[in-house]
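Hi,

Here is the structure I promised to pass on to you.

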Amino acid sequence: MDSFSSSPSSGSNTQFQSEQLKNQLKAQLAQAYIEQFMETISTKCFDKCITKPGSSMSGSESSCISRCVDRYIEATGIITSTLFSSPH
């Protein structure tokens, strides 16, 4: 039998491969999103909070970084939930 012959299981096999491909794509998109998210947080919060780069962070710089990351994560969550919530 060649690879183009149809058999009862070929449809389900193709559907299984399609689902695998979708899952791989979702995983890759999620990874890319996380990488971009971390890069954005790092850049924005560093630029905002680190005024005098050195070998260590001051307490105020550390607090600023923590607050900045928390706010960015919270804002992203609000935006995401608003975009993906169904209209009422």
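The link of C45 and C68 is left-handed, with -85° about the S-S bond. C45 lies in helix α1 (residues 10-49) and C68 in helix α2 (residues 59-84), so this pair ties together parts that are 23 residues apart in sequence. Helices here are DSSP runs of H or I with at least four residues, numbered from the N terminus. The S to S distance of C45 and C68 is 2.0 Å, and a disulfide is counted when a pair of cysteine sulfur atoms is within 2.5 Å. In case the word is new to you, a disulfide is a covalent bond between the sulfur atoms of two cysteines.

Before you go further, please keep in mind that this is a predicted model: local features need pLDDT of at least 70, side-chain atom pairs count only at pLDDT 80 or more, and totals for chains, interfaces and linings use all residues. Residues are numbered from 1 along each chain as its sequence is written, and side-chain values use heavy atoms, with hydrogens and water left out.

Are C45 and C68 buried or exposed? C45 is buried, with a relative accessible area of 3%, and C68 counts as buried too, at 11%. (Buried means under 20% relative accessible area, exposed over 50%, and partly exposed in between, using a 1.4 Å probe and protein chains only.)

How many disulfides does a search of the whole structure find? It finds two. The other one joins C49 to C64, with S to S at 2.0 Å. C49 is in helix α1 and C64 in helix α2, 15 residues apart, so to speak a link between distant parts of the chain. The torsion about the S-S bond of C49 and C64 is about -70°, so this disulfide is left-handed. Both C49 and C64 are buried. If you number the bonded cysteines of the protein chain in sequence order, the pairing comes out as 1-4, 2-3.

T76 lies in helix α2 and is buried, with a relative accessible area of 15%. Leaving aside residues up to four places away in sequence, T76 touches Y33 and F37; contact means heavy atoms within 4.5 Å.

I34 is found in helix α1, and with a relative accessible area of 46% I34 is partly exposed.

Definitions and conventions. Helices (H or I, at least four residues) and strands (E, at least two) are DSSP runs, numbered from the N terminus.
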